[in-house]
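Subject: Structure handover and notes

Hello,

Please read them with the coordinates open.

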Amino acid sequence: MQKVITLNEFIIHQQSEFPEARGSFSCLLHHIGIAAKKVNREVNKAGLVDILGRVGCENIQGEEQQKLDVFANEAFMTELQASGECCGVASEENEDATIFNEGLCRNAKYIVCMDPLDGSSNIDVNVSVGTIFSIYRRKSPIGTPAILEDFLQKGSEMVAAGYIMYGSSTMLVYTVGRGVYGFTLDPSLGEFCLSHPDMKMSATGKIYSINEGNYEKFPVGIKQYIKYCQVKDEQTNRPYTSRYIGSLVADFHRNLLKGGVFMYPPTDSHPTGKLRLLYECNPMSFIAEQAGGQAFGQDGRILDIEPRSIHQRVPFYVGSYDMVAKVMEFLHKAE
Ligand code: AHM
Ligand code: MG
C-alpha cells in the first residue's frame, strides 16, 4: 500500500529545513487546515441545509454577503486566533483588520490576509469556490497590538500563500517560497494528503480566462490580445480556448495545471480592476511565480506594488510565463 503524506507531516518535514523555526508557522498552517475542513463540510452540505443564500447584509464593498461567506469568515478567524500564532487578520469580509490582542496572540509574529470564500456568487449553482490566504511577518514590535502597516506590506514580503478549492474534490495548495505543493482532502481519512508535489505551470498553454462580457470597456491592448488568442496560427497553437468560471481559485487552479492566462483588466464598473491586491492578487501571484509563471498589474509585477489600503483593487494578469509576457507586450504596444 502506498504511504500517504498528510499536510501536517509535510509541514513538520518542511519546518526541519528551517533550523531556527520554533513551530509557530507550522501551527498556524495546521489551524488553517482545520478551518478549511470546517468550511469544506459546510460547502458540501450546503444544498441540504438552509445555509445557502444571502444573510441579509452587505460586505463593506456593497456586495451582498452569502451565508457561507459569513461562516467561512468566522471559521478562519476562530482558528487563526486559536492558533495563538497570529496577531491580526485582514479579511475581505471585514472593513477593518481584526487585531488579536489577547493571550498568546499578542506575542505572535504573523499576520494573515484572506478572502474566506472567494467566488461566493457561484455557491448556489454548485460551482467551485475557494479560500485564499497569505501570511506575513509583522512589522510592529512583538507584544504590541498589530497596526495597519503590518497589513500594508508588499507581496514580495510574503512568507506563505495558499488557497483551498472546494470542488469535485477539495484541495489545499500552498507555497512558502520553496515551490508549490498541492494536497487533496481524503474524506475517508479527514486529512489533506500530498497529491501534487512541486507543481509547475507550463511556460505556455492554450487557455485564456477573462469575462468577455466586459469586452467593450477593456483597454485596447487587451481587446487586441483577445483577438490574437482567437486567430489561427499553427506555430503558436492558436486559436486558444476560452475558459472562464468566474471563481478565481478555480480559474487559477485550472490554468496552473493546464497552462493558461487569467485576466481581470479595468472595466466600467471596476475602473481600477475588480480583484483585491491583498486578498486575491498577491497570494495568487506568489503561487504563480513559485510555479514558474508570472503576474502583472497595470504597471509592473504585482508583488512589487506598495499597498495603500487593505481593500485596494488592481488590474490582474496572471498565469503561464510566456502568455503573461504576451499580454503585457500587447498592453504596452497599445499605450
Ligand atoms: P468575490 O471575492 O466577491 O467572490 O469576487 C471575486 C470573484 C473572483 O473569484 C472572480 O475571478 C471574479 O470575482 C469574477 O468576477 P466577474 O463576475 O465580474 O467576472
Ligand atoms: Mg474574492
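Helices (H or I, at least four residues) and strands (E, at least two) are DSSP runs, numbered from the N terminus, and two strands pair if DSSP finds at least two bridges between them.

This is a predicted model, in which local features need pLDDT of at least 70 and side-chain atom pairs count only at pLDDT 80 or more, while totals for chains, interfaces and linings use all residues. Residues are numbered from 1 along each chain as its sequence is written, chains are lettered from A and ligands numbered from 1 in the order in which they are written, and side-chain values use heavy atoms, with hydrogens and water left out.

Strand β5 and its partners

Strand β6 (residues 129–137) is antiparallel to β5, and seven bridges join the two. With β3 (residues 86–91), β5 pairs in the parallel sense over five bridges; here serine 91 stands opposite methionine 114. Nine of the nine residues of β5 are buried, so the strand is largely enclosed by the rest of the structure. Buried means under 20% relative accessible area, exposed over 50%, and partly exposed in between (1.4 Å probe, protein chains only).

The magnesium site

The magnesium ion (ligand 2) is coordinated by Glu92 (OE), Asp115 (OD), Asp118 (OD) and Glu280 (OE), at 1.9 to 2.7 Å. Along the chain these donors follow the spacing E-x22-D-x2-D-x161-E. Aspartate 115 lies in β5 (residues 110–118) and glutamate 280 in helix α7 (residues 277–290), so the pair ties together parts that are 165 residues apart in sequence. Aspartate 115 is buried, with a relative accessible area of 0%, and glutamate 280 is buried at 1%. Donors are N, O and S atoms within 2.8 Å of the metal (3.2 Å for Na, K and Ca); water is not among the atoms, so sites may look incomplete.

Strands β8 (residues 170–175) and β9 run antiparallel, joined by five bridges, and valine 173 stands opposite glycine 182 in β9. The two strands form a hairpin with four residues between them, and glycine 177 in the turn has a positive phi of about 90°. On to β10 (residues 191–196), β9 again pairs in the antiparallel sense over five bridges, with glycine 182 opposite histidine 196. That hairpin has four residues between its strands, and glycine 190 takes a positive phi near 70°. Six of the seven residues of β9 (residues 180–186) are buried, so this strand is largely enclosed by the rest of the structure.

The five-stranded sheet

An open sheet of five strands has the order β12-β11-β13-β15-β14, with mixed pairing. Strands β12 (241–242) and β14 (294–296) stand at the edges, each with a single partner strand, so one side of each is left without a neighbour in the sheet. Strands β13 (residues 260–264) and β15 (residues 316–319) run antiparallel and are joined by four bridges; methionine 263 has tyrosine 317 of β15 as its bridge partner. Helix α8 (residues 321–334) packs on the sheet, touching β11 (207–209), β13, β14 and β15, and its direction makes about 150° with that of β15. Axes are lines fitted to C-alpha atoms, for helices over the stretch in contact, and angles run from 0 to 180 degrees between N-to-C directions. Contact means heavy atoms within 4.5 Å.

Two single residues

Asparagine 40 is in helix α2 and is buried, with a relative accessible area of 8%. Leaving aside neighbours within four places in sequence, asparagine 40 is in contact with Tyr166, Thr170 and Leu185. Serine 156 is in the loop between α4 (148–151) and β7 (160–166) and is partly exposed, at 38% relative accessible area. Not counting residues up to four places away in sequence, serine 156 touches Arg301, Leu303 and Asp304. The C-alpha atoms of serine 156 and arginine 301 are separated by 9.7 Å, with the residues 145 apart along the chain.

Regards
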